Amino acid sequence: MSRRCFVTGNWKMNKTVAEATALVRELRGLVSMVRDRVEVAVAPPFTALYPVAKALEDSNIALAAQTCHAEPSGAFTGEVSAPMLKEVGCSWVILGHSERRQFFGETDATVNRKIAATVKAGLLPIICVGETLQEREANKTLEVVTTQVKGALAGFAANPAFVIAYEPVWAIGTGKTATSRQAQEVHAHIRQVVGGLWGQDTAAQVRIQYGGSVKGDNAAELLGQPDIDGALVGGASLKAADFAAIIKARA
Ligand code: PEP
């Protein structure tokens with residue numbers, strides 16, 4: 001089963017509109033030749049989504065949001081809904097990022113509701129899971145990601161278009177990357193968990209990205225693992241050349 005490599009840049013709370021549009025204009029030129037081999041998406045902050053969508057017109061780069069609310073509209077000051085994200089040109093929504101879990105109280109149950117909202121709006125989720133350093137040191141990694149995957153996917157029919165991102169919390173923004181062996185072990189386990197829920201055929205099609213200090217010089221090794229189907233990239237997605245180097249590592 002061949003799974004097309006999928007690389008997403010998570011810009012977090014970075015880039016003004018002017019900076020964001022300049023970045024994607026540069027990126028377009030750098031990655032136009034990987035069109036068929038690698039799927040690429042960028043996730044700017046909410047304020048830059050629409051102008052970035054315009055700057056990406058007729059390109060092979062898709063637009064993702066970094067989160068959404070579980071309701072389509074209502075009295076939720078400061079929030080943005082999935083239909084609003086669809087309207088401005090998003091195709092994907094990153095959900096359950098460890099920073100959302102850590103700083104904004106997101107749980108597997110809220111992630112599950114947000115996935116439902118995302119799908120209802122015609123968008124697809126990139127569902128983040130991963131263990132903390134403490135959990136890894138206590139040998140709980142597989143248990144933690146199993147709970148997160150099962151909690152996120154509870155109640156959904158098999159959907160091979162969903163994307164899961166394995167992001168060990170201790171590797172995010174720290175410069176510490178999981179070894180390709182550590183990452184492959186968890187990816188293979190996640191695929192097994194998905195297989196238990198949705199059957200082996202679907203599990204073989206679901207793409208699982210790795211995230212955590214992916215850079216141009218470690219991407220090829222990570223992306224070369226049999227169950228690693230792409231990357232979710234934070235820091236290194238903020239410069240076009242750095243992000244393009246990761247994309248080209250697989251192309
Ligand atoms: C992330 O935030 O999803 C991430 C992987 O960040 P970084 O690449 O900076 O570790």
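How far does a backbone N or O atom of Ser213 lie from an oxygen atom of the ligand, and what is that distance in Å? The backbone atom of Ser213 lies 2.8 Å from the ligand oxygen.

This is a predicted model, in which local features need pLDDT of at least 70 and side-chain atom pairs count only at pLDDT 80 or more, while totals for chains, interfaces and linings use all residues. Residues are numbered from 1 along each chain as its sequence is written, and side-chain values use heavy atoms, with hydrogens and water left out.

**The ligand site**

The ligand is surrounded by 14 residues, where a residue is near a molecule if one of its heavy atoms lies within 4 Å of it. The closest are Lys12, His97, Glu167, Gly173 and Ser213. By class, this shell holds 4 nonpolar, 8 polar and 2 charged residues. Here Ala, Val, Leu, Ile, Met, Phe, Trp, Tyr, Cys and Pro count as nonpolar, Asp, Glu, Lys and Arg as charged, and the others, Gly among them, as polar.

| Residue | Atom of the residue | Distance to a ligand oxygen |
|---|---|---|
| Glu167 | side-chain N or O | 2.7 Å |
| Gly173 | polar backbone atom | 2.6 Å |
| Ser213 | backbone N or O | 2.8 Å |

On its own the ligand has 290 Å² of accessible area, and the protein covers 97% of this. Accessible areas come from the Shrake-Rupley method with a 1.4 Å probe.

Lys12 sits in the loop between strand S1 (5-10) and helix H1 (17-31). Helices (at least four residues) and strands (at least two) are DSSP runs, numbered from the N terminus. Lys12 is not a glycine, yet has a positive phi of about 55°. Lys12 counts as partly exposed because its relative accessibility is 22%; buried means under 20% relative accessible area, exposed over 50%, and partly exposed in between (1.4 Å probe, protein chains only).

Ser213 belongs to the loop between strand S7 (207-211) and helix H10 (219-223). Its phi is also positive, near 55°, in a residue other than glycine. Ser213 has 10% relative accessibility and therefore counts as buried.

**The nonpolar cores**

In soluble globular proteins, nonpolar side chains tend to be buried together. A nonpolar core is a set of buried Ala, Val, Leu, Ile, Met, Phe, Trp, Tyr and Cys residues joined through side-chain atoms within 4.5 Å. The largest one has 69 residues, and those with the most contacts inside it include Val42, Val52 and Leu85. Helix H8 (residues 180-198) gives the most to this core, with 6 residues. A second, separate core has 12 residues, including Ala62, Ala64, Ile94 and Ile126.

Contact means heavy atoms within 4.5 Å. Leaving aside neighbours within four places in sequence, the contacts of Val42 include Val24, Val52 and Phe243.

Val24 is found in helix H1. Val24 counts as buried because its relative accessibility is 0%. Beyond its neighbours within four places in sequence, Val24 is in contact with Trp11, Val42, Val52, Ala55 and Leu56.

Glu19 also lies in helix H1, but is partly exposed, with a relative accessible area of 42%. A polar atom of the Glu19 side chain lies 2.9 Å from the backbone nitrogen of Thr16. The C-alpha atoms of Glu19 and Leu238 are separated by 9.8 Å, although the two residues are 219 residues apart along the chain.

Methods. A polar contact is a pair of N or O atoms within 3.5 Å; within protein, one must be able to donate a hydrogen and the other to accept it, and residues adjacent in sequence count only if both atoms are side-chain atoms.
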